[in-house]
Amino acid sequence: MSYFKTLLSGLAAWLAFGAAVPAHGNPVNEASAMQSVQHLKDYQVVEFRRYVTSDGELAHFVKYFDAYFPEAFEQLGAMVFGQFTERGHPNHFTWLRGFHDINARPIVNAAFYYGPLWREHRVKINAILPDSDNVMLLRPLHADQGITVLPAVDPVTEDHGAQGIVVAQIFAVKKGSEEAFAKQAEAAFEAYRIDGVHPAGVLVSLDVPNNFPQLPIRTDGPFLVWLGVVRDNSTLDKGLAPRLASAEQSLLAGGLLRSTPERVVMDPTPRSRLRWLPTSP
């Protein structure tokens, strides 16, 4: 009798699961999709990685990266927040990688770079990647200002791939002025809260020794980085860009920066998590 009870219980669970699965081709509710990534949070260390590919190889590198790497890092406990090509730089590829804390960084990186996936693909990847050393090691300015993990691009319901535009403002701050500049910057960033723009994080330099020296990081900080996701080109050009320019001018005039702010405008690759979703946080 217990066998039949177990069988019926299993059948009921299977039927309940089947009822919860959306029909093929129907988009999943965004709120439900966000619930699915609630366990993917609290990444307090972020690498802002900017690569240069060989001439004519950027599209190939994008395909390799999208196909092989995001889930590999997720399985190891890290997160690929998003990956992008840079407008105005036909050989530039940028991506953001997160770790729960600084101690997780060498563990995850060792598992990946000495593991089977990288060993299989490293020769062809390195052959088209002459420069991968432009890396800022960062942390959220405040604990709640880290990069929110968005649901992975659904290959069935998002058959056009990731949409939108991602903007990064990079401020080179004078050493010793980090706190004062952050207050000025946060006030300036309030002007970016307009329709069609989602703030995606405010990050600052994490001033610690490189605990995985096989991968170089920049030592010319400190930096503060604002990240945002923009709905479309019209919103960027008519709405956000004038506000970015105004903030850059006023913050530079404040005397706490070492150089003119850098603005990086990026297009998400087809599988980038960080992209435009209408109801994203």
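The following paragraphs go through a predicted model of one protein chain, from its overall make-up to some of its side chains.

Residues are numbered from 1 along each chain as its sequence is written. Because the model is predicted, local features need pLDDT of at least 70 and side-chain atom pairs count only at pLDDT 80 or more, while totals for chains, interfaces and linings use all residues; side-chain values use heavy atoms, without hydrogens and water.

The chain has 8 helices and 8 strands. These are DSSP runs numbered from the N terminus: helices are H or I with at least four residues, strands are E with at least two. Of the 281 residues, 45% count as buried, where buried means under 20% relative accessible area, exposed means over 50% and partly exposed lies in between (1.4 Å probe, protein chains only).

How are the strands arranged? The 8 strands close into a barrel in the order β1-β3-β2-β8-β5-β7-β6-β4, with antiparallel pairing. Two strands pair if DSSP finds at least two bridges between them. Neighbouring strands of this sheet are turned by 35° against each other on average, direction ignored. One of the pairings is between β6 (residues 197–205) and β7 (residues 223–230), which run antiparallel and are joined by 7 bridges. Within β7, Gly-228 is the bridge partner of Pro-199.

Helices also meet the sheet. Helix α3 (residues 58–68) packs on the sheet and touches β1 (45–52), β2 (79–86) and β3 (92–99), its direction making about 20° with that of β3. Helix α5 (residues 104–113) lies across β1, β3 and β4 (131–140), at about 125° to β3. Contact here means heavy atoms within 4.5 Å. Axes are lines fitted to C-alpha atoms, for helices over the stretch in contact, and angles run from 0 to 180 degrees between N-to-C directions.

Next come the aromatic rings. The whole structure holds 24 aromatic pairs. Rings of Phe, Tyr and Trp (its six-membered ring) pair if their centres lie within 6.5 Å; planes under 30 degrees apart count as stacked, over 60 as edge-to-face and the rest as tilted. Phe-73 and Trp-95 form a tilted pair, because their ring centres are 5.8 Å apart and their planes are at 40°. Phe-73 lies in helix α4 (residues 70–75) and Trp-95 in strand β3, so the pair ties together parts that are 22 residues apart in sequence. Phe-73 counts as buried at 1% relative accessibility, and Trp-95 counts as buried at 1%.
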